[in-house]
Amino acid sequence: MFEHVTPYAGDPILGLMDKFANDDRTDIKVNLGVGVYYTEDGKLPVLECVKAAEKQIASPPKARGYLPMDGLPGYRKACQNLLFGRDSDVLKAGRVATIATLGGSGALKVGAEFIHDWFPKATCYVSDPTWGNHIGIFEGSGVEVKKYPYYDAKTIGVKFDELCEFFKNLNENDVVLLHPCCHNPTGVDLTNEQWDTVLEIVKDKKLIPFMDIAYQGFGDDMEGDAYAIRRAVEMGLTVFVSNSFSKNLSLYGERVGGLSVVCPSKEEAEVVQGQLKFIVRRIYSSPASHGNHVVDIVMNNDELFTQWIGEVYEMRDRIRDMRQKLQDTLSAKLPERDFSYFTKQRGMFSFTGLTAEQVVRLREEFAVYMVENGRMCIAGLNNKNVDYVANAIAQVLK
């Protein structure tokens with residue numbers, strides 16, 4: 001029956017996790033591949049605000065009924081407040097349709113299905129490079145995907161002029177998938193001034209911006225990281241926003257994400273909300289319960305919310321410290337090279353500039369694992385392994 005079915009080659013990042021787990025070198029091995037935040041002790045954290053929320057959920061134990069198709073109202077409110085601001089005019093006007101989703105990936109999937117259903121001629125343009133699953137999710141929904149210029153390996157920055165010229169030649173209702181902060185995989189972000197320019201082009205060409213923000217709070221702060229989203233709203237743009245609580249609440253396995261669509265009117269938002277629910281019904285019916293309740297409790301309790309902000313900024317600052325330590329150590333080992341890009345990039349990821357061959361050497365000779373395009377998850381570094389990693393990188397760069 002299944003002789004015609006072709007093998008799955010595997011996901012390059014998740015496959016890397018399997019290789020790391022099967023590596024029997026016990027003296028030292030370092031996982032810098034998967035996009036997960038680890039503590040200084042190399043552990044996946046359980047945030048104190050999450051512990052407090054889970055105590056409320058468990059005492060007394062409650063029945064686990066199905067949630068509404070679009071998630072808990074408090075969860076949806078939490079997404080909206082973080083992305084657009086608690087007192088924003090767009091929320092007061094009821095112009096935002098929001099649903100809880102199965103992680104940020106689920107938000108992208110539902111959004112891609114909506115694009116396919118209602119803008120069937122649209123092409124989705126993603127940055128070169130981007131998170132690999134962006135392409136798979138949109139293509140899997142029947143949307144054609146192409147790339148726009150973004151990363152400049154020579155300057156370790158953005159090909160900004162090329163990007164702007166490229167956008168000027170796109171068609172009305174084409175989708176441009178944008179990273180508001182902490183670009184994955186490069187860590188190279190646009191400045192606020194560059195965002196202003198890009199969004200003016202998006203508005204002039206009547207493009208559809210689809211902003212994927214998976215690391216809010218890990219760049220500058222909660223407000224600053226949402227600049228592009230809020231600026232787009234100020235300019236009157238219709239915008240899709242997918243967000244995730246995986247990283248900033250350390251709730252990876254709970255699959256907590258959201259999709260918001262800013263609409264021209266309250267009436268249109270209600271129509272869009274209904275169509276999003278219909279898409280959810282056709283795919284998975286309703287979101288997961290536990291994570292929805294945790295987010296609802298933490299985000300809508302002033303004390304827990306303040307505690308959460310502090311915990312996120314502790315994670316952000318540890319990542320910054322590791323960037324600085326890696327830059328300083330490499331600069332001391334190879335003073336003829338400029339490693340300042342490590343501290344210019346933001347968020348969990350860094351594009352190291354290493355070639356695929358050098359990445360393979362790191363894995364085979366030093367048990368240092370990162371994605372073959374040279375993307376490193378900075379959050380996998382700590383004071384116990386950063387010198388070892390820096391020495392390994394120096395060795396392959398010589």
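Modeller: A salt bridge here is a side-chain nitrogen of Lys or Arg within 4 Å of a carboxyl oxygen of Asp or Glu. Please keep in mind that this is a predicted model.

Colleague: How many salt bridges does the structure hold?

Modeller: There are 17 salt bridges in the structure. One of them pairs Glu-223 with Arg-230, and their closest N and O atoms are 2.4 Å apart.

Colleague: Is Arg-230 buried or exposed? And what about Glu-223?

Modeller: Arg-230 has a relative accessibility of 18% and counts as buried, because buried means under 20% relative accessible area. Glu-223 is partly exposed, at 49%.

Colleague: Which residue forms a salt bridge with Asp-225?

Modeller: That is Arg-346, with the closest N and O atoms 4.0 Å apart. This pair links distant parts of the chain, 121 residues apart. Arg-346 lies in the loop between helix 13 (341-344) and strand 11 (349-351), while Asp-225 lies in the loop between strand 8 (208-213) and helix 9.

Colleague: How accessible are Arg-346 and Asp-225?

Modeller: Both count as buried. The relative accessibility is 19% for Arg-346 and 0% for Asp-225.

Colleague: Now the helix packing. At what angle do helix 3 and helix 9 pack?

Modeller: Helix 3 (residues 73-84) and helix 9 (residues 227-234) pack at about 85 degrees, and their axes are 8 Å apart. Helix 3 is therefore roughly perpendicular to helix 9, since angles of 65 to 115 degrees count as such.

Colleague: Which residues make the contact?

Modeller: Helix 3 contributes Asn-81, Leu-82, Leu-83 and Phe-84, and helix 9 contributes Ile-229, Arg-230 and Val-233. By class, the contact has 5 nonpolar, 1 polar and 1 charged residues. Arg-230 also takes part in the salt bridge with Glu-223.

Colleague: With which side chain does the side chain of Ser-242 make a polar contact?

Modeller: The partner is the side chain of Asp-212, at 2.8 Å. Setting aside residues up to four places away in sequence, Ser-242 touches several others, including Gly-104, Ala-107, Leu-108, Phe-210 and Leu-259.

Colleague: Lastly, in which helix is Gln-358 found, and with which residues is Gln-358 in contact?

Modeller: Gln-358 belongs to helix 14 (residues 356-366). Apart from neighbours within four places in sequence, Gln-358 is in contact with Gly-353, Val-396 and Leu-397. Gln-358 is buried, with a relative accessible area of 16%.

Notes: Residues are numbered from 1 along each chain as its sequence is written. This is a predicted model: local features need pLDDT of at least 70, side-chain atom pairs count only at pLDDT 80 or more; totals for chains, interfaces and linings use all residues. Side-chain values use heavy atoms; hydrogens and water are left out. Axes are lines fitted to C-alpha atoms, for helices over the stretch in contact, and angles run from 0 to 180 degrees between N-to-C directions. Helices (H or I, at least four residues) and strands (E, at least two) are DSSP runs, numbered from the N terminus. Angles under 35 degrees count as roughly parallel, over 145 as roughly antiparallel, 65 to 115 as roughly perpendicular and the rest as oblique. Contact means heavy atoms within 4.5 Å. Ala, Val, Leu, Ile, Met, Phe, Trp, Tyr, Cys and Pro count as nonpolar, Asp, Glu, Lys and Arg as charged, and the others, Gly among them, as polar. Buried means under 20% relative accessible area, exposed over 50%, partly exposed in between (1.4 Å probe, protein chains only). A polar contact is a pair of N or O atoms within 3.5 Å; within protein, one must be able to donate a hydrogen and the other to accept it, and residues adjacent in sequence count only if both atoms are side-chain atoms.
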